[in-house]
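Please keep the sequence and the structure in view while reading.

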Amino acid sequence: MVEKIITFQVLEGRDVPKACSLRLALIQDSSSPSCAELPVAREATSTTWIPSTPLNATKFHWSDDLHLPLMSVELWDSTASSFDKFISRAQRPCEEVESAWWEFPRRQTMQPALHISISIQEAPPSTPLPVLDFEFRVPTDRINWRRLNEVNIGAIVHTKLYDVLEDSLDMIMFGDTTDDENDLNPAMVLLQLTCQYANHCRVTLSRRTTELTTRLEDIHKTKASLEKRRMNRTARRDGLARELNILKDRLASLKQVARHDTDAVDDHIQLE
């Protein structure tokens, strides 16, 4: 299956707010005869856009090489600082075009349109796994037998003294244990080489774990920020709903007062 890279860019806008938020997504085309076999759209992004300047190109990845998706573009008004206001949505087949105007459904007196460019390219083949930056080292170092004899193997096993074991790693991995009268020399060297590779894997995993932990912390921060923004918008919406109910009550009261005043005027006219 050939993966495609779909590059989307907005060149300019017409009849749109001064500050916009575009929410872009790839969705599967329900009209396709094999819609059930299409991958679920997983690409989506939201970005703020100032119509006076072109929007930076946004890249999407699509893994179905038989059917192209639909490009969904939502236009939001970001003029207000507290929340965005939905304006309109447009969906079109994702076809390569150098430039074309997309007209959105009319909203009140607005007829928004975006000048859009779409390019579609095949993604480069996936690169093979990188060659491990690792080389075996022939154990030729001199062993400090006095220090080695001081190591309490029983304590390491029963109390899990990992730090003592790590302190002895270099001597174990690179120490020269060759002896012409010892038939176990090849096995010992193989064990040492195994230890070298296992230690390399341990260091690599530790470094990778640190990188992933940092990324996870960044994701949690982003999630917390989005959740806070959602709560602020929810609170704002609830506040506006309460204000609307109050205004409705006031309007009903005014209508009732106006009705009473009208009845009083009519009664006065009849008396005269």
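Strand β1 (residues 4-14) runs antiparallel to β8, and 10 bridges join the two. Strands here are DSSP runs of E of at least two residues, numbered from the N terminus; two strands pair if DSSP finds at least two bridges between them. Opposite Ile6 stands Ile120 in β8. The sheet is open, with four strands in the order β4-β1-β8-β7 and antiparallel pairing. Its edge strands, β4 (58-62) and β7 (97-103), each pair on one side only. From one strand to the next the twist averages 30°, with axes as lines fitted to C-alpha atoms and angles running from 0 to 180 degrees between N-to-C directions.

The model is predicted: local features need pLDDT of at least 70, side-chain atom pairs count only at pLDDT 80 or more, and totals for chains, interfaces and linings use all residues. Residues are numbered from 1 along each chain as its sequence is written, and side-chain values use heavy atoms, leaving out hydrogens and water.

A search of the whole structure finds zero disulfides, a disulfide being a pair of cysteine sulfur atoms within 2.5 Å. Cys94 is buried at 1% relative accessible area, while Cys195 is partly exposed at 29% (buried is under 20%, exposed over 50%, partly exposed in between; 1.4 Å probe, protein chains only).

Mean pLDDT, the predictor's confidence in each residue from 0 to 100, is 80 for the chain, with 84% of residues at 70 or more. Over residues 33-42 pLDDT stays under 50. Where pLDDT is low, the predicted coordinates should not be read in detail.

Definitions and conventions. Contact means heavy atoms within 4.5 Å.
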